[in-house]
Amino acid sequence: MSGLWQGFRSRLFVVSVALVVVSATASTIWLRAAVRPLLQREAESRLLQQARVSAEAAAALLAQTPRPTGNGARPDAALDALADRLGEAADGRVTLIDETGSVLGDSHVDHAALGQLHDHSDRPEVSGALAAPAGWAAARRHSATLDREMLYVAARAPTGAAGGPALIVRASLPSDRVDAPLHRLYQLILVGAAIGLVVSGFMTVLASGLMSRDLRRLTHHTTRLARGEQAEPLVLAGPLELAGIAGSVQSISADLQRTVSSLAAERRQLEAILDSMSEGILSIDGGRVARINGACTRMLGCADRDRGRKVHKVLDDAELLALIDRARPGQAEELTLEREVAGEPHLLLARVEGRPDGTTVVVLHDVTNLHRLETIRRDFVANVSHELRTPVSVVQASAEALQDGALEQPAIARRFVDAILRNTERLGLLISDLLSLSRIEAGRYTFAFTTLTVRPVVDEVVEVLALRARARSHVLQVDVPDDVAVHGDAGALEQVLVNLLENAMKYTPDGGRIHVRMAPAPAGRVRIEVADNGPGIEPAHQDRVFERFYRVDTGRSREVGGTGLGLAIVKHLCESMGGAVGVTANQPKGSIFWVELARPGSPLTRPGARPALGKDAAAGIAAAFAPEPP
């Protein structure tokens, strides 16, 4: 902690020093770039004024005392004396130069030495003054005569404009006198920078001392947050900046706590979703079990405690392990497993897929019910084929016999025609029952639910079947109160009673008794029973008589006729009306088929209270007639 704090103090001091140095350097550069040109222009302006004043004086002197002209002219003592007086008055150097570049007078050169001076016509300020329309020019350069840098301003005297020889008056100052204010500013900046460095060091020590305690508390707080520990609210009594940092850290801490809580909640939700799935999920990372849900534990016999263990020590299926070892990213393979789940054989479809992050996911689907439905479909196709084959074969054989000559023998032909008629009627009944069952299962059977009084429906059905009952001397007894009502569809209830009574009449011997009556039922329901004294149904077959084409006695069923779909239609109609069906043994012999329907106004009549269709409803007629797979 001490080393961290010392490092912070050092960095703070370095930043302060760098700020002072950068400020001083920037100020110096700005002064040199902006102030120096201003100083030079001001000096040039003063020198120009001096040069023009000197030019006026020189012009006046020349007007009084003309000087010799030409290449052989010698410097004039009067002009040199004038240059000396002008230079002394201007506190600078004044030089008088003719148009040929000869120096006629110079305040800083003795009169005797003027002849030794070089030609000044090549000086930039002199040539510029002669050529410039304004009549003056300036230059900053090194003086060979004085051996120092000078600022020169040369102006053309009025004598040149009057037609006489041109006279150039040049005023100059040493450049260090021009830059003297700038140098003083440089010194002030340097002194200020030194003072700033001292103050920066002092303020750094002072500020670090004031911030030390709060920064230590802030560091301790953030360290606890980084370790994931619960930290108390952070309150700092230091400067506003630290208080703002503390507030930001506190806000980050609260956001982090909320994020962690949200992630934990999402993880719980994800685990709840995975555990509620019927598919088994197994995630493998680095050859070890990373995640496993409840369905997978039931299917594979492993448990949640197996997380973190090697998958080869958890699973005992060699084929599944080999599939997991072969898993590659973006590739999925499937495998069918036969395992016991809860003591019963189950068929599982395992899908193994590798993920780009290196994990492997195994998804297990329990396809036992699908396999059972497929078996039901196959059985249904076989039963339909069997039921259709017999009448079609009889019709075909009878038609062939008639074609081969039996048509010429009336007595024989009638028997064949009767056989064709009976079997076509049987085919018609079979097709009609298949279509009815298909409409019910597909939800295309329209139910008009209303309050039905049971007795009138029973009487109407008995009246329709009375002729058939008298033909076999059956006794139809009805014990249904007049005030019993149910919630259902009139046509569906009539079809149910017709199928149950026809089924009872088929298997009841001549002279037998068929009894339609009411029986006790659970609350909110009405129970209607159709009892007969026929051969009865053994308990082993009672749970399956409502399946399609299921026959207890195949020979007897062929003898009495029927399609084998009547009871299946009864079951689906009752379940569609929210009811139930069943069969029990009658004493001393016979069977009792019962139907339970809801009473009007009971909770069972509310929308959504009706149960779904039977378990075998999924294997509908459309699926039944689908072509067999190769």
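These legends describe close-up views of a predicted model.

**View 1**
Helix H12 covers residues 454-471, 18 residues in total. From its first C-alpha to its last, H12 reaches 26 Å. That is close to the 26 Å expected at 1.5 Å a residue. H12 also bends, by about 50° at Leu465.

**View 1. The buried residues of H12.**
Which residues of H12 are buried? They are Val454, Val457, Val458, Val461, Val462, Leu465, Ala466 and Ala469.

Ser473 lies in the loop between H12 and E12. Its phi is near 60°, a positive value in a residue other than glycine. Most residues other than glycine have a negative phi.

**View 2. Helices H13 and H16.**
Two packed helices are described by the angle between their axes and the distance between the axes. For H13 and helix H16 (residues 566-576), the angle is about 150° and the axes are 9 Å apart. H13 is therefore roughly antiparallel to H16, since angles over 145 degrees count as roughly antiparallel. From H13, the contact is made by Ala492, Gln495, Val496, Asn499, Leu500 and Asn503. From H16, it is made by Gly566, Leu567, Ile569, Val570, Leu573 and Cys574. The crossing of the two helices, H13 and H16, is left-handed.

**View 3. Val314 in helix H8.**
Val314 is found in helix H8, residues 311-314. Val314 has a relative accessible area of 17%, so it counts as buried, which means under 20%. What does Val314 touch, leaving out residues up to four places away in sequence? It touches Val289, Cys302, Asp306 and Arg309. Gly301 is 13 residues from Val314 along the chain, and their C-alpha atoms are separated by 8.9 Å.

**View 4. The cis peptide bond at Pro588.**
Pro588 has its place in the loop between strand E16 (580-585) and strand E17 (591-598). A cis peptide bond joins Gln587 and Pro588. Its omega is about 5°. Most peptide bonds are trans.

Technical notes. Residues numbered from 1 in each chain as written. Predicted model: local features only at pLDDT ≥ 70, side-chain atom pairs only at ≥ 80, totals over all residues. Heavy atoms only, no water. Helix = DSSP H or I, 4+ residues; strand = E, 2+ residues; numbered from the N terminus. Expected span 1.5 Å × (residues − 1). Bend = angle between axes of the 7 residues up to and from the residue. Buried < 20%, exposed > 50% of the residue type's maximum accessible area, 1.4 Å probe, protein only. Contact = heavy atoms within 4.5 Å. Axes fitted to C-alpha atoms, helices over the stretch in contact; angles between N-to-C directions. Parallel < 35°, antiparallel > 145°, perpendicular 65-115°, else oblique. Left-handed = near helix turned anticlockwise from the far one by under 90°.
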